[in-house]
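Subject: Handover of a structure and notes on it

Dear colleague,

Please find below the structure that I am passing on to you. I would be grateful if you read the notes with the model open beside them.

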Amino acid sequence: MTAWLLKYSMPDEPAVPAPPSGIVVRPLRPGDEPATHVLVMDAFDEWQERRQSYAEWAKHIIDRPTFAPALSPLAFDDGQLVGAALSLDLPERDEGYIEQVAVLHDHRGLGIARLLLRHTFLAFYRAGRRSCTLWTHSDTGALDLYLRVGMTVRHSSTVFRIDLRSQGASPADR
């Protein structure tokens, strides 16, 4: 698996494209958290090893003191939550940080993730940040999306694994 730290530089205010027909974008509000959890888990089911409970997900995302709901846009299609970009406002850093980007499978390819990212970039720009970062990895298949939106690779790392069971190792060798 390869992981990439990506960066989007913002010397000027980022432009936000018009939303696809029927899509409305707004920041996360109190009460949106349970539906956002389900959206993220459903969107990540394709590559994650297991679903996180709401409590576990909340502990790592929305219950963090650095979680920034005003910098976390949600996308709705006819009132149904279909996408989210969840951000952290890390005071010790001079750049914005996007923790999770998720779009439901049947809404991918419509420009929703790009729209959410642009809304996030703009929100961070207006909050005084001039760059934004996020991590992704090869299991997500999202690298091309981030590169197309203008992000660049700041750092990458590759982890190689070998399953000894598939190499004919005996149980004593495992």
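This is a predicted model: local features need pLDDT of at least 70, side-chain atom pairs count only at pLDDT 80 or more; totals for chains, interfaces and linings use all residues.

Residues are numbered from 1 along each chain as its sequence is written, and side-chain values use heavy atoms, with hydrogens and water left out.

The whole chain

The protein chain holds four helices and seven strands. Helices (H or I, at least four residues) and strands (E, at least two) are DSSP runs, numbered from the N terminus. Along the sequence, the elements follow the pattern β-β-α-α-β-β-β-α-β-α-β. Taken along the principal axes, the C-alpha atoms fill a box of roughly 60 × 35 × 35 Å.

Of the 174 residues, 45% count as buried. Buried means under 20% relative accessible area, exposed means over 50%, and partly exposed lies in between (1.4 Å probe, protein chains only). Contact means heavy atoms within 4.5 Å. Among contacts between residues at least 6 apart in sequence, 71% join residues at least 24 apart.

The strands

Two strands are said to pair if DSSP finds at least two bridges between them. Strand E1 (residues 2-9) pairs with strand E7 (residues 152-158) in the antiparallel sense over six bridges. Within this pairing, Leu5 stands opposite His155 in E7. E1 is mostly covered, as six of its eight residues are buried.

Strand E2 (residues 23-27) is joined to E3 by five bridges, and the two run antiparallel; here Pro27 stands opposite Pro73. E3 and E4 also pair in the antiparallel sense, over four bridges, and Leu74 has Ala84 in E4 as its bridge partner. The hairpin of E3 and E4 has two residues between the strands, and Asp78 takes a positive phi near 55° in it. Four of the five residues of E3 are buried.

Which residues does Thr133 contact, leaving aside its neighbours within four places in sequence? They are Leu5, Leu6, Lys7, Arg93, Glu95, Gly96, Tyr97, Ile98, Met151 and Arg154. Thr133 is found in strand E6 (residues 131-137) and is buried, with a relative accessible area of 0%.

Among the buried residues of H1 are Glu33, Leu39, Ala43 and Phe44.

Leu104 lies in the loop between E5 and H3. This residue is buried, with a relative accessible area of 12%. Leaving out residues up to four places away in sequence, Leu104 touches Leu39, Asp42, Ala43, Gln80, Leu81 and Val82. Leu104 and Phe44 are 60 residues apart along the chain, and their C-alpha atoms are separated by 8.7 Å.

The aromatic rings

Rings of Phe, Tyr and Trp (its six-membered ring) pair if their centres lie within 6.5 Å; planes under 30 degrees apart count as stacked, over 60 as edge-to-face and the rest as tilted. By this rule the count comes to two aromatic pairs.

Tyr8 and Phe121 form a stacked pair, at 4.0 Å centre to centre and with 5° between the planes. Tyr8 lies in E1 and Phe121 in helix H3 (residues 112-126), so the pair ties together parts that are 113 residues apart in sequence. Both Tyr8 and Phe121 are buried.

The ring centres of Tyr54 and Trp57 are 5.9 Å apart and their planes are at 45°, so this pair is tilted. Tyr54 and Trp57 are three residues apart in helix H2 (residues 54-60), separated by about one helical turn. Tyr54 is partly exposed, with a relative accessible area of 35%, whereas Trp57 is buried at 0%.

Finally, the charged end of Arg130 sits over the ring of Tyr125, 3.7 Å from its centre. A charge sits over a ring if NZ of Lys or CZ of Arg is within 6 Å of the ring centre and within 35 degrees of the ring normal.

Yours sincerely
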